[in-house]
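My entries follow in the order in which I checked things.

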Amino acid sequence: MEFKRVTIICGHYGSGKTNIAVNMAYELKKQKENATIADLDIVNPYFRTLDSEEDFKKRGIRLICSPFANSNIDAPALPQEMYSITDDRRQNVIIDVGGDDRGALALGRISGAIVQEDDYDMYMVINCYRPLTKTVDELLEVRDEIEMAGRIRFTGIINNSNLGRETTREDVLASLAYAEEASAKMKLNIVATSYDKRLDEELKNRVPHPFAMELQKMIPGI
């Protein structure tokens with residue numbers, strides 16, 4: 001996978017955005033020296049990029065997130081450090097955006113500068129096994145809401161259809177037709193088909209643009 005300076009990860013609640021963002025940050029670090037992951041999710045207190053903070057430190061990846069992440073404080077505020085995403089172009093950044101249009105409102109605060117620089121990709125993470133995006137028509141509604149709130153358009157699709165740790169090879173393969181339909185209706189390419197790395201030998205030659213991932217673990221007690 002090739003990266004532009006800024007890569008934005010968006011999608012419906014529970015689609016698996018954060019797992020994608022974390023693993024893309026790992027991959028980015030292999031290719032670029034100044035790798036940063038920014039948690040723009042001011043909506044969901046669970047499965048945050050902060051859960052992988054120690055891994056980021058070991059790999060030399062900079063983490064930007066709200067000071068209230070993984071706490072019971074409901075403070076939808078962005079840290080001032082977040083604006084370095086657009087101000088410091090030496091950084092190569094993965095941005096994890098909150099779910100749906102509410103989460104994308106935070107992205108709207110910096111999207112103008114990102115679009116003006118024009119060195120970004122914004123990927124829609126899709127999961128056909130989530131209750132509210134079982135059909136592509138439902139997915140199109142989510143896309144429209146996110147683009148309007150974030151004031152920026154998607155450039156590609158990541159098929160992350162899964163059933164958590166219970167996901168089988170057949171579950172991933174069964175999602176391919178859904179992803180192809182979404183690609184055709186959105187006129188966007190599928191840039192990755194992601195799955196738990198334990199399925200890699202079974203899937204890497206059977207799906208388009210395979211992306212085997214390490215599954216993120218929540219901090220105990222959060």
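I number residues from 1 along each chain as its sequence is written. The model is predicted, so local features need pLDDT of at least 70 and side-chain atom pairs count only at pLDDT 80 or more, whereas totals for chains, interfaces and linings use all residues, and side-chain values use heavy atoms, with hydrogens and water left out.

**Helix H6**

I took helices (H or I, at least four residues) and strands (E, at least two) as DSSP runs, numbered from the N terminus.

The buried residues are Val136, Leu139, Leu140, Val142, Arg143, Ile146, Glu147, Ala149 and Gly150. Their cover includes S1, H4, helix H5 (111-117), S5 and H8.

**The sheet**

I counted two strands as paired if DSSP finds at least two bridges between them. The 8 strands form an open sheet with parallel pairing, in the order S3-S2-S4-S1-S5-S6-S7-S8. Strand S3 (62-64) and strand S8 (210-213) are the edges, each pairing on one side only. Neighbouring strands are turned by 25 degrees against each other on average, direction ignored. For angles I used axes that are lines fitted to C-alpha atoms, for helices over the stretch in contact, with values from 0 to 180 degrees between N-to-C directions.

S1 (residues 6-11) pairs with S4 (residues 92-97) in the parallel sense over 4 bridges. Ile8 has Ile95 as its bridge partner in S4. H6 (residues 136-150) packs on this sheet, touching S1 and strand S5 (120-126), and its direction makes about 145 degrees with that of S5. Contact here means heavy atoms within 4.5 Å.

S5 and S6 also pair in the parallel sense, over 4 bridges, and Ile126 has Asn159 as its bridge partner in S6. The chain goes from S5 through H6 to S6 in a right-handed β-α-β crossover; right-handed means that, with the strands pointing away from the viewer, the path from the first strand over the helix to the second runs clockwise.

In S6 (residues 156-159), Gly156 and Ile158 point one way and Ile157 and Asn159 the other, and all are buried. S6 runs parallel to S7 (residues 190-196), joined by 3 bridges, with Ile158 opposite Ala192.

**Cores**

Which residues have the most contacts inside the largest nonpolar core? They are Ile8, Ile95, Leu107 and Ile114, in a core of 36 residues. A nonpolar core is a set of buried Ala, Val, Leu, Ile, Met, Phe, Trp, Tyr and Cys residues joined through side-chain atoms within 4.5 Å. H6 supplies the largest share of this core, 6 residues. Not counting residues up to four places away in sequence, Ile114 touches Val6, Ile8, Thr86, Ile95, Leu107, Asp119, Tyr120 and Ile152. Another core, of 23 residues, lies apart from it and includes Ile20, Tyr26, Phe56 and Ala192.

Met1 lies in the segment before S1 and is partly exposed, with a relative accessible area of 34%. Leaving aside neighbours within four places in sequence, Met1 is in contact with Met24, Gln31, Val191 and Ala192. Its C-alpha atom is separated by 8.9 Å from that of Phe211, 210 residues apart along the chain.

Notes
Buried < 20%, exposed > 50% of the residue type's maximum accessible area, 1.4 Å probe, protein only.
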